[in-house]
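Colleague: Could you take me through the contact between the two chains, please? I would like a close look at that one part.

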Amino acid sequence: MPHRTCRCVVGVLSLSRMNNYLDFEQPILELEGKIAELKRMDDPQLDLRDELKRLEEKAEKLLKQTYGKLTPWQKVQVARHPARPRFGKVLSTLFPDLVTLAGDRCFGEDAAIIGGLATFEGYTVMVIGQERGADLQSRLKHNFGMAKPEGYRKAQRMMKLAEQYGLPVLTFIDTPGAYPGVGAEERGQAEAIARCIDVSLGLTVPVLATVIGEGGSGGAIALAAADRVLMFEHAVYSVISPEGCASILWRSADHAAEAAEALKITAQDLLRLGVIDAIVPEPLGGAHRHPDAALHSLRLALNEQLGLTLKHNPAERRYQRGEKFLAMGRKAA
Amino acid sequence: MSWLSEIVRPKIRAFVAKKPDIPDNLWHKCGNCGEMIFHRDYAGNANVCHHCGFHGKLPLKRRLELLFDGEEYTRIELPKVPVDPLKFKDRKRYSDRHKDAQTASKEQDACIVAHGLIGGQNVVVAAFNFEFMGGSMGTAVGEALYAGARLAVLQKAAYIVIPSSGGARMQEGILSLMQMARTTIGVQRVREAGLPYIVVLTNPTTGGVTASFAMLGDVTLAEPGAIIGFAGARVIEETIREKLPPGFQRSEYLLEHGMIDRIVTRKELAAELGKIAQLLMNKKNRGLSSGTQAATPQLFLSTAKKA
Ligand SMILES: [Zn+2]
């Protein structure tokens, strides 16, 4: 009964995150509240334009200051923000003609990983991504983006189909990690993830992966063994959640901020380490403030990166993908 | 062979049987049934309990001796990689933890590579040392596994990997996660060369190690009673708030659920491996299939030489 159990464990966690603000955004939100209030007043007797302009400038300055130097732990919070555009939003905006595919032809259908056939820049592409859900009901349906073996096996099936038809594979990563459960273990969670990486690295079609929110561990790299790995500016990608790392190495989850710092999980750090290939800029104040602007930015980045992968012939593309991963960590960054 | 001599310099360290210097009067208490066994008898039985058959921890050197014909093998020197790429520090510096592990184990990192004969078959073995930071997988381990794969391809040998690992090495952050992809590339190169890739799962094999090369074997064996899984039992228990089924994540449980091929005792392991390697490399079968599923094995080999 994974859904019922999710409600009592993960659900509580997510509910506490459902207040749509982040602690460090509090001063910005107060300013934005004042601006909204002034706009509502709309009193012809009073000329509020100067005051409004002053406050708006102040708010923008504060946003620039705050978002220009987010700490890794703050980025984790932004990446998990409930209003941040999720994969469903990516699908409806960038791939409106999507024909969804379902099932692993083996055991079941896993709504934590969804996708299918769509058109992008005139090409038919295979779109695969993790959906965390946007409200409580859809979060339960999608199991908070935590896939089970059938999700990873469905992804494998879709990748193989893409190879068969010469379709570029576009993956979107947003998961706390693969689902830790008895059934998932029994059905071979480890094998399903391993084989997903194996299949992805064996493709000769272009593979582009974008971490749009949280890239959690093995559950993330299963979809990110790609020619080009992109990350949204405030997305995070890590071998373990900062809370998990802190509770093991610091013996307390209270040290999550320190763990986030030490693990090097931000797009900026990962670009420096050669683990990702490009950063997708987010609008000022994060993708959750202006989802449409964020998705426009994503579209431009994908278009550019797809162009780069199309320069290689299929065999070369696969070989270069392997070489890219092999080169990681061989030289000091 | 020039590229190989640069990357993996063979370091002749053939071992001849050498009895461990343990006094006869020391006792070992079985970690499973609690029975007392003479240390000498326990070691003589490959650290397997006489009473309950429990497979205890086996020192790396002893494991290799037990596997290779005539206890003879050659270890290769592994490529050096930067240690502590993130300058990681929790309550202790990773560089210090790593140095301590090196001093205690007299090894460079948690995985070693050796080659020789098993059952008369040419094999390359990559084996984990759980004592070295829980056998955790960082860049050095990934590099070792990849070097082993290249050596197997070069020697046209079967590649046998024996993991024992808690998973990713957190102190290398995202780079430890990347080993899941890097080690898989090694597996693919062996597969494309048409050579057997055999995994022997030992206690414990979990996390990112299981979710990459360890679950990609053409044939997968396991020692009896080994813990094998993706998520840790405690994490699962906390998530589902239920007691775990008996025998959960043990070798026998995995066999029952179709995740491994065979459970093999330590005593039979060498003979089994030799047999499987021989069956999969039978010269008489050459040419009976159109080849491996590799799209471009030639490209891999020719470009590898340039490296
Ligand atoms: Zn015993």
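Modeller: Happy to! Let me start with a term: a salt bridge is a side-chain nitrogen of Lys or Arg within 4 Å of a carboxyl oxygen of Asp or Glu. By that rule there are 4 salt bridges between chain A and chain B. In one of these, the side chain of R330(A) meets that of E143(B), at 2.7 Å from N to O. This is a predicted model, where local features need pLDDT of at least 70 and side-chain atom pairs count only at pLDDT 80 or more, while totals for chains, interfaces and linings use all residues. Side-chain values use heavy atoms, without hydrogens and water.

Polar contacts (pairs of N or O atoms within 3.5 Å; within protein, one must be able to donate a hydrogen and the other to accept it, and residues adjacent in sequence count only if both atoms are side-chain atoms) link 13 residue pairs across the interface, both partners at pLDDT 80 or more. On the side of chain A, the elements giving two or more residues include α1 (2-16), α9 (189-202) and α15 (314-327); helices here are DSSP runs of H or I with at least four residues. The largest share, 10 residues, comes from α9(A). That side of chain A divides into 29 nonpolar, 10 polar and 14 charged residues, with Ala, Val, Leu, Ile, Met, Phe, Trp, Tyr, Cys and Pro as nonpolar, Asp, Glu, Lys and Arg as charged, and the others, Gly among them, as polar.

Counting contact as heavy atoms within 4.5 Å, chain A brings 53 residues and chain B 56.

Technical notes: Residues numbered from 1 in each chain as written. Chains lettered and ligands numbered in written order.
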